[in-house]
Amino acid sequence: MATATTRKKTASPTKTQARAKAPVSFPTLDVERSFLSPEVRLLAGVDEVGRGALAGPVSVGIAVVNLEDHGLLADVRDSKLLKPEDRDRLEPLVREWAVACAVGHATAKEIDDIGIIGALRLAGTRAWFEILESGVTPDVVLLDGSHNWLSPEVQASLFDTGPAGPSCEAPVHTRVKADMSCLSVAAASVLAKVARDRIMVDLHSELPVFGWNENKGYATAAHREVIRLQGPSAYHRQSWHLL
């Protein structure tokens, strides 16, 4: 007579368990603290928003930290990874957390007149001097990206120059994806994004047809279609390929 054999059934992992996501990594001040020295105590994290938009300003945020003694700030990340309501919640916390902070803007017309790199430098310089006017002088700058657009050019380009005059004279260090790993830069990103979004919402109330309360001036299909049908506004970057 055959005997039946039984096998103990082990539970298989659920889909949720099998596809568990890795913990979210938040920016820290580890990179910033590597600059600490007898000559360097205050570091300015710098980031820009609006560079690729069709309308509205380009905006540059600065958040200054004290490398000798500065705590972390929970939940702050690159502004592109945050929901609008989270950015709005974090923006006043960033302002309270930073030693000093500022946001500078360059208009669409200024972008047309001096080019996007010159406009970035102009917006960054405006933010920089707002920091200086608050009584804070950073010793070093940490800039998101691979290109130092903040410092004045030694030999200005004939086609893409910034305004002559006072500018940021502190040493500038660039770091690709600094807004992902460096808290000061992520904080600057939040400041710039919130400030620029508010400008675009205000402009929407003046010209609601372009939907800037939703697209914030970026190149959505609906935005391009309105430009095609009605033409660009004074707040569009006329030198860009709008269509």
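This is a predicted model: local features need pLDDT of at least 70, side-chain atom pairs count only at pLDDT 80 or more; totals for chains, interfaces and linings use all residues.
Residues are numbered from 1 along each chain as its sequence is written, and side-chain values use heavy atoms, with hydrogens and water left out.

The protein chain has an average pLDDT of 88, and 85% of the residues score at least 70; pLDDT is the predictor's confidence in each residue, from 0 to 100. Over residues 1-23, pLDDT stays under 50, and the model has zero contacts beyond four places in sequence for them (contact means heavy atoms within 4.5 Å).

Helices are DSSP runs of H or I, at least four residues in length, numbered from the N terminus. The axes of helix 3 (residues 84-97) and helix 6 (residues 183-206) come within 9 Å and cross at roughly 125°. Axes are lines fitted to C-alpha atoms, for helices over the stretch in contact, and angles run from 0 to 180 degrees between N-to-C directions. Helix 3 and helix 6 are therefore oblique to each other; angles under 35 degrees count as roughly parallel, over 145 as roughly antiparallel, 65 to 115 as roughly perpendicular and the rest as oblique. Residues making the contact include Arg87, Asp88 and Glu91 of helix 3, and Asp197 and Arg198 of helix 6.

Asp30 lies in helix 2 (residues 30-33). With a relative accessible area of 55%, Asp30 is exposed (over 50%; buried is under 20%, partly exposed in between, with a 1.4 Å probe and protein chains only). Asp30 and Ser181 are 151 residues apart in sequence, yet 8.5 Å apart in space, C-alpha to C-alpha.

Key:
Helices (H or I, at least four residues) and strands (E, at least two) are DSSP runs, numbered from the N terminus.
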